[in-house]
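Please look through the structure shown below, and keep it in view while reading the paragraphs that follow.

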Amino acid sequence: MPAIEVSSLTYTYPGARAPALQGITFQVEPGQLIGVVGANGAGKSSLCLALAGLIPALFHGQMQGTVKVCGLDTRLHTPGQLAGKIGLVLQNPASQLSGMRYTVYEETAFGLENLGVPRSEMPARIERVLQQVGLAALGERSPYTLSGGQQQRLALASVLVLEPAVLILDEPTTMLDPQGSQAVFKIIREAVEAGTTVILAEHHLEWIARYADRVIALAGGEVILDGLPEEVFSSPLLLEAGIGWLRCTVAAQQASPLGLWPASMPLPVTIDAAAAGFSKAARKLRDVDPDQ
Amino acid sequence: MSTHFSLYQPGSSYLHRLHPLTKLTFSLAAAVVVFGGPGGWLAALFPGLLAMLLLWRAGLAWRAALTIFRLLALLTVVLFLVHGFLNPHNKSILLSLGPFGLGQEGLAYAALVALRLAATLAASLLLTVSTQPAHLVQALAEAGLPYGLAYLLGSPLLLLPQIAGRVRSIQAAQQARGLKTEGSLLQRARALFPLAAPLIFSTLVDVEERSLALEVRGFSAPNPKTSLNELVDSPAQRTARWIMILLAGLLLAVELSWRVYASH
């Protein structure tokens with residue numbers, strides 16, 4: 001059974017003239033990390049909310065089509081019923097704190113308490129997840145004394161502790177520095193390796209190119225591309241949609257007519273692939289003209 | 001830690017160990033007796049002294065006294081000035097300042113009001129300095145209050161540090177754009193408007209995001225909730241709560257009956 005099945009999803013916010021999402025159809029197999037990219041207003045956040053079952057439940061508006069997560073139709077289940085199966089992490093770390101708990105440890109327990117997990121099971125789960133996100137030493141600290149990066153890792157821990165089958169992340173590193181982003185993506189990748197299905201909406205294409213198994217590109221609420229990172233990130237459609245290309249891809253494309261990029265290699269979407277391609281081109285040039 | 005909630009003082013005193021509902025009942029019963037009990041001065045003095053004594057035994061009296069002073073000092077001065085000079089029941093003038101006379105009756109009334117406020121504050125501090133807001137919310141929910149309502153009651157206090165942080169950020173941003181937040185009272189009042197609008201809008205956005213985050217963490221999940229911390233209650237505390245409720249009710253009834261009798 002697919003972890004996520006979206007079929008002909010069209011959604012319009014109350015009072016809006018144009019739909020935020022239009023005719024979206026895709027499936028995701030369990031244990032994959034799917035990157036969702038798009039310019040501002042492309043529909044990334046709306047898609048995340050729909051997958052989390054919060055659209056239309058909390059936003060109302062008009063929705064056509066179906067969204068099934070873990071086999072559950074999100075329109076037939078309340079967010080409360082879907083909690084624990086679907087996790088959602090948003091971009092602002094501070095606003096995701098419950099405001100109900102005094103320590104990092106207690107904050108992590110909040111979701112477990114809501115889902116009725118027996119008290120005896122909580123410590124092991126909390127300690128494991130705090131270890132995973134690197135906050136084990138800060139368990140007794142107030143969540144409000146943490147840095148932005150630590151708060152975002154706490155937001156992740158608070159969701160991961162519920163062991164959701166599907167984890168949805170809406171630009172989780174927007175407010176973080178590169179080091180904080182790196183830490184968050186490492187945790188996300190570990191969750192995927194542990195079998196969690198992850199949907200990651202993100203502005204920073206480098207991260208998606210590096211970590212995603214598959215990429216969905218949105219423009220005007222529609223899916224314009226859906227494929228492997230190297231296919232999507234070298235497509236001209238991405239430029240037309242205002243999303244742009246990665247710098248390493250642009251460099252290789254500009255180097256290609258000059259013979260500085262091997263014609264046999266696809267345009268790179270990671271630094272490693274770019275380095276390999278430019279090295280190959282350099283070796284070839286050296287073989288042709290040993291003086292260079 | 002004051003970073004989370006400014007009044008709560010972490011500790012393990014006997015007050016910290018009491019069930020939140022026992023402390024809440026004391027605070028509410030004290031307020032009823034202070035404002036509605038018989039005996040005027042005594043009704044205000046006794047609950048206030050009792051609260052301070054209980055706080056002292058828990059090592060929290062200085063903290064509470066300082067808080068009471070900070071909150072009431074200015075108000076008390078205003079009360080004494082207003083009632084001392086302007087109370088219509090002033091008959092015994094102690095001091096004349098031009099057309100104004102400082103009346104003994106007004107001063108006595110101001111002292112009574114100040115004492116009542118201080119006593120009520122002391123009783124409520126007994127709860128707030130020794131109880132984590134989250135535990136109070138949990139206790140209320142366990143007592144049968146709908147969870148959403150308990151959260152609504154507790155969250156304004158729980159989210160204070162975040163709102164304070166936001167005020168500081170907005171203030172710094174506006175100052176960087178040339179807004180003067182120092183100076184005369186009028187200047188400060190003017191500076192409030194550019195602060196208020198972004199604060200309100202960003203708080204509203206925050207509310208939406210927080211509600212989404214709470215939902216996905218099972219806030220409205222249909223199952224019975226559990227809790228990491230067990231709030232220890234006892235038959236003795238339950239009995240004490242009933243005694244406090246009955247005593248406050250009885251004293252209120254005595255005072256009301258006396259007033260009805262006296263009015264006839």
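On a 1 Å grid over the protein atoms alone, a cavity is a set of points where a 1.4 Å probe fits but cannot get out, and the residues that line a cavity have an atom within 4 Å of a point. Grid points are joined across faces, edges and corners, and a volume is the space filled by probe spheres set on the points. This is a predicted model, in which local features need pLDDT of at least 70 and side-chain atom pairs count only at pLDDT 80 or more, while totals for chains, interfaces and linings use all residues. Residues are numbered from 1 along each chain as its sequence is written, chains are lettered from A and ligands numbered from 1 in the order in which they are written, and side-chain values use heavy atoms, with hydrogens and water left out.

By this rule, one cavity of 30 Å³ or more is counted, and the largest cavity holds about 40 Å³ of space. Its lining is made up of A:Leu88, A:Gln96, A:Ala155, A:Ser158, A:Val159, B:Ala213, B:Val216 and B:Arg217. Two elements give two or more residues to this lining, α5 (148-160) of chain A and α9 (185-216) of chain B, where helices (H or I, at least four residues) and strands (E, at least two) are DSSP runs numbered from the N terminus. The largest share, three residues, comes from α5(A).

The next topic is the boundary between the chains. Contact, meaning heavy atoms within 4.5 Å, takes in 47 residues from chain A and 37 residues from chain B. The buried area, which is the accessible area (1.4 Å probe) that two parts lose on being put together, summed over both, is about 3,600 Å² between chain A and chain B, and carbon and sulfur atoms give 59% of that area. A:Met100, A:Tyr102 and A:Arg119 supply 22% of the area that chain A buries against chain B, more than any other three residues.

Side chains of opposite charge can pair when their charged atoms come close. A salt bridge is a side-chain nitrogen of Lys or Arg within 4 Å of a carboxyl oxygen of Asp or Glu, and two such bridges are counted between chain A and chain B. One pair is A:Glu107 and B:Arg217, with N to O at 3.0 Å. Another is A:Arg119 and B:Glu230, at 3.5 Å from N to O, a pair that crosses from the loop between α3 and α4 (122-132) of chain A to the loop between α9 and α10 (235-263) of chain B. How accessible are these two residues, when buried means under 20% relative accessible area, exposed over 50%, and partly exposed in between (1.4 Å probe, protein chains only)? A:Arg119 is partly exposed at 34%, whereas B:Glu230 is exposed at 59%.

Over all chains, the whole structure has 14 salt bridges. Within chain A, the side chains of A:Glu113 and A:Arg101 form one with N to O at 2.5 Å. A:Glu113 lies in helix α3 (residues 104-114) and A:Arg101 in the loop between β6 (86-89) and α3, so this pair ties together parts that are twelve residues apart in sequence. Both A:Glu113 and A:Arg101 are buried. A:Glu121 also forms a salt bridge with A:Arg125, where the closest N and O atoms are 3.9 Å apart, and these two residues belong to a network of salt bridges that links A:Glu121, A:Arg125, A:Arg128 and A:Glu163.

Technical notes:
1 Å grid on protein atoms, 1.4 Å probe; cavity = no way out; pocket = protein on both sides within 12 Å on 5 of 7 lines; lining within 4 Å.
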